[in-house]
Amino acid sequence: MTPIRNVARAADLNPVRPAPQPRQRQAHVTVRGLSKKFQGTTVYNDFSIDLPMGKFISIFGPNGCGKSTFINMISGLMPMDRGEVLYDGLPIRDVTNSYVFQNYREALFPWFRAIDNIHYPLRVMGIERKERHRRVEKLLLDFDVQFDLNAYPYTLSGGQQQTVAILRALVTEPEVLFLDEPFSALDYEMTLFMRERLQKIFMKRKTTMLLVSHDLDEAIQLADQVILLTRRPTRVAEIVDVNLPWPRDLDVMTGEGFISLKRHCLERFWREVKRD
């Protein structure tokens, strides 16, 4: 009888506690109460939106509406005056993210070879050499790179330099990739090539991608959703779902579905442009 009493007393002193439940996470980029002013001009005022993670999202709107400002703030590059941004319930500092800038010439280290530029973020992260090479080789295979990565950036064409910048952003295997008009400085042929390669990466990895674009064709071609913004103070004019098959090749882009979506977005865009 004594052992039983001792067991009972031990159980009273050390009750069995249920295992902690995992924190509920939301598969969205959640923006709440975002506000920003520049020199007294309100760009965003109490702006809120939910964006699905694992999707390709395009941001499109009138000139000066704050498209780049939006992704600069939610990526943590620019402070917001007020507001909160969560990625799957986590702050941006706890999420692996990368950013591709419009000006690729200033984004790359000219004293590093192209291949060293790609390796650089992995070195900063402390990834061991063998794993670095594995990641880089895998990415190069996915992107089908056809130029000499042992060259220095200033010897490469604009499209090749931007390819290196995108590869450097992707090599960390980010949960979120921000792209601020990444192809606007490229010629049309290279732009089409880069869109094709980016689609291939997205279809394979399903990385959350947030693209700012001033090209409506591009915004629709690459997106699961197009976020149409208004003039300042900026709000959401409409969220347009792009239910077109992947990959978005020539047949898709010249099909009735694409043309209908473009007409709809263009009409909504002009309404905002002409609004006082």
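Reply: A residue is called buried under 20% relative accessible area, exposed over 50%, and partly exposed in between. The model is predicted.

Start with the setting. The protein has 10 helices and nine strands. Of its 276 residues, 48% count as buried. The C-alpha trace spans about 85 × 50 × 45 Å along its principal axes. Take the contacts between residues at least 6 apart in sequence: 70% of them join residues at least 24 apart.

Now the helix. α7 covers residues 188-205. One of its partners is α6. The two axes come within 11 Å and cross at roughly 15 degrees. Angles under 35 degrees count as roughly parallel, so α6 and α7 are roughly parallel to each other. Their crossing is right-handed. On the α6 side, the contact is made by Gly159, Gln162, Thr163, Ile166 and Leu170; on the α7 side, by Met190, Met194, Leu198, Ile201 and Arg205. By class, these residues divide into six nonpolar, three polar and one charged.

Side chains of opposite charge can pair when their charged atoms come close. Arg197 meets Asp144 in a salt bridge, 3.1 Å from N to O. Arg197 lies in α7 and Asp144 in the loop between α5 and α6, so the pair ties together parts that are 53 residues apart in sequence.

The side chains of Glu218 and Arg195 form a salt bridge at 3.2 Å, N to O. Glu218 lies in helix α8, residues 216-221, and Arg195 in α7, so this pair links parts 23 residues apart in sequence. Here Glu218 and Arg195 are both buried.

Thr207 sits in the loop between α7 and β7, a strand covering residues 208-212. Thr207 has 6% relative accessibility, which is why this residue counts as buried. What does Thr207 touch, not counting residues up to four places away in sequence? The list is Lys55, Pro174, Glu175, Val176, Leu177 and Phe202.

Glu173 lies in the loop between α6 (158-170) and β6 (176-180). Its side chain meets that of Arg135 in a salt bridge, 4.0 Å from N to O. Arg135 lies in helix α5, residues 129-143, so the pair ties together parts that are 38 residues apart in sequence. Arg135 has a relative accessible area of 14%, so this residue is buried. Glu173 has 40%, so this residue is partly exposed. The pair belongs to a network: Glu131, Arg134, Arg135 and Glu173 are linked by salt bridges. The total count comes to 15 salt bridges.

To recap: α7 is roughly parallel to α6. Its Arg197 pairs with Asp144, and its Arg195 pairs with Glu218. The loop between α7 and β7 holds Thr207, a buried residue.

Notes: Residues are numbered from 1 along each chain as its sequence is written. This is a predicted model: local features need pLDDT of at least 70, side-chain atom pairs count only at pLDDT 80 or more; totals for chains, interfaces and linings use all residues. Side-chain values use heavy atoms; hydrogens and water are left out. Helices (H or I, at least four residues) and strands (E, at least two) are DSSP runs, numbered from the N terminus. Buried means under 20% relative accessible area, exposed over 50%, partly exposed in between (1.4 Å probe, protein chains only). Contact means heavy atoms within 4.5 Å. Axes are lines fitted to C-alpha atoms, for helices over the stretch in contact, and angles run from 0 to 180 degrees between N-to-C directions. Angles under 35 degrees count as roughly parallel, over 145 as roughly antiparallel, 65 to 115 as roughly perpendicular and the rest as oblique. A crossing is left-handed if the near helix is turned anticlockwise from the far one by less than a right angle, and right-handed if clockwise. Ala, Val, Leu, Ile, Met, Phe, Trp, Tyr, Cys and Pro count as nonpolar, Asp, Glu, Lys and Arg as charged, and the others, Gly among them, as polar.
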